[in-house]
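Please look over the sequence and the fold first.

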Amino acid sequence: IIFQKYCQGATSSAIFGELICNKLKEPIQQSVYKKTARELANEMRSNCESVNGNRSKLEKHILKVLAERENFDMYMTYIHNPRKLFKTFIRDEVSNYVSEKFNVSVLPKIKEGIILHQQKIIEAAHEASRLVKVKNDVDSWLKHFTHQLSDVLILSGKTFTGVSYNDVDINFLVDVMRRELPAVKFDTSRTFRVVNFLDKLDYRDRPDEILIDHLCRCCWVQCPFCKAICTKTIENHGGDHSVPFHRNIGLNGWHFSETKHLSVDICTSEVASNHSFYPNVSDTIAVLWREYRKGGPKYANWSITPDFSELPYWKWVVCRFQKDLENKYNKTFQGSGKIPDEWRKYTKQEAIESLNKHY
Ligand SMILES: [Zn+2]
Ligand SMILES: [Zn+2]
């Protein structure tokens, strides 16, 4: 009878242990993916030229890429909806990185994470067995086990529901789990693709969202004239919006009143002039550029100081995309808005290099 009881206990424990191991698969996977995602985000922040600095550095990188690709639509998104372009750019960078480094960086992290979790689970099972006071009190064992794992896995009260346990002998459990846990199959095969990995993560755990959160938590207010993005951070904002470099306001569709001529002027030189502008399309009273803050709330909070340095980059952009800009705004660079001949001498390479000097 004792032998029979022993066998029964061993069998029940084996079934129970196996069930527990299978129920842990999903939580292990989630936890490992989440940890891998965080590590990948950190890895990219030290290895990837585009995302290893602050937003200004990323902006410079994006401007280089935009010039290399010569893609007008992307320029328009950059000017009119920069946050969207930055996010798309970061998502693409992450997805490329994950595909490129999948076998050398992602998969090893996942495998290593699984082994680490398995060790911690066995330790927790050991500890739970030690803590159970009443012989074979499985309820109590499960409580201790769950508690021991609370820092390692996210286990809900429901994780182990439906696991029945008659005649379970706690003394067998650790051995059973040591045997069964490595048998649980995880998606670490070659068929496990990049998309699976990113898609299995909760939205805010994704490496791209971690990087977006890190890099995009800045002021996104744009210059009312040229749409340059304020470069201050949220934490240290205080006072006016500002940006080191403004651009030709024709890029944003500004034109001379009562004409269809786009402007090639730059905010920083205009604020030193005697020219004036209409703050809103429907306005009939013009405001002097020198007193641009009187133009209304969106002008009042900007600090634009006179400066005559100009980035060859934006001159090249205006020349390269003259026709596209003219079509987009249904206006032309003519009359007072004629593009100066010397702007046309800049090559794409010179344009890109000029970014290095100024960012
Ligand atoms: Zn501006
Ligand atoms: Zn700002």
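Predicted model: local features only at pLDDT ≥ 70, side-chain atom pairs only at ≥ 80, totals over all residues.

Residues are numbered from 1 along each chain as its sequence is written, chains are lettered from A and ligands numbered from 1 in the order in which they are written, and side-chain values use heavy atoms, with hydrogens and water left out.

**Domains**

- The chain splits into domain 1 (2–211) and domain 2 (249–358); these bounds come from an automatic or database domain assignment.
- The centres of the two domains, taken over C-alpha atoms, are 50 Å apart.
- In the interface, 14 residues of domain 1 are in contact with 16 residues of domain 2. Contact means heavy atoms within 4.5 Å.

**Largest pocket**

- The volume of the largest pocket is about 610 Å³. A pocket is an open set of points on a 1 Å grid over the protein atoms alone, where a 1.4 Å probe fits, with protein on both sides within 12 Å along at least five of seven lines. Its volume is the space filled by probe spheres set on the points, which are joined across faces, edges and corners.
- The largest pocket has 24 lining residues, and a lining residue has an atom within 4 Å of a point. Trp 254, His 255, Ser 257, Phe 277 and Tyr 278 lie nearest the centre.
- Strand E1 (276–277) and helix H11 (297–300) each give at least two residues to this lining. Helices (H or I, at least four residues) and strands (E, at least two) are DSSP runs, numbered from the N terminus.
- The lining holds 11 nonpolar, 8 polar and 5 charged residues. Ala, Val, Leu, Ile, Met, Phe, Trp, Tyr, Cys and Pro count as nonpolar, Asp, Glu, Lys and Arg as charged, and the others, Gly among them, as polar.

**Second largest pocket**

- The second largest pocket holds about 340 Å³ of space.
- It is lined by 17 residues, with Gln 30, Ser 31, Lys 34, Val 152 and Ile 154 closest to its centre.
- Helix H1 (2–47) and helix H5 (102–131) each supply at least two lining residues. H1 gives the largest share, 6 residues.
- By class, this lining has 5 nonpolar, 4 polar and 8 charged residues.

**Helix H13**

- In helix H13 (residues 322–329), Gln 322, Leu 325, Glu 326 and Tyr 329 are buried. Buried means under 20% relative accessible area, exposed over 50%, partly exposed in between (1.4 Å probe, protein chains only).
- Down the helix axis, these buried residues fall within an arc of 100 degrees, so they line one face of H13. The arc is that of the directions from the helix axis to the C-beta atoms.
- They pack against helix H3 (72–80) and helix H12 (312–320).
- Lys 323 and Asn 327 are exposed on the face turned away from the buried side.

**Single residues**

- Asn 330 is exposed, at 54% relative accessible area.
- Glu 258 is not a glycine, yet has a positive phi of about 60 degrees. Glu 258 sits in the loop between helix H9 (207–215) and helix H10 (267–270).
- Cys 230 lies in the loop between H9 and H10. Cys 230 is buried, at 0% relative accessibility.
- Beyond neighbours within four places in sequence, Cys 230 is in contact with Arg 55, Cys 219, Val 221, His 237, His 241, Ser 242 and Trp 302.
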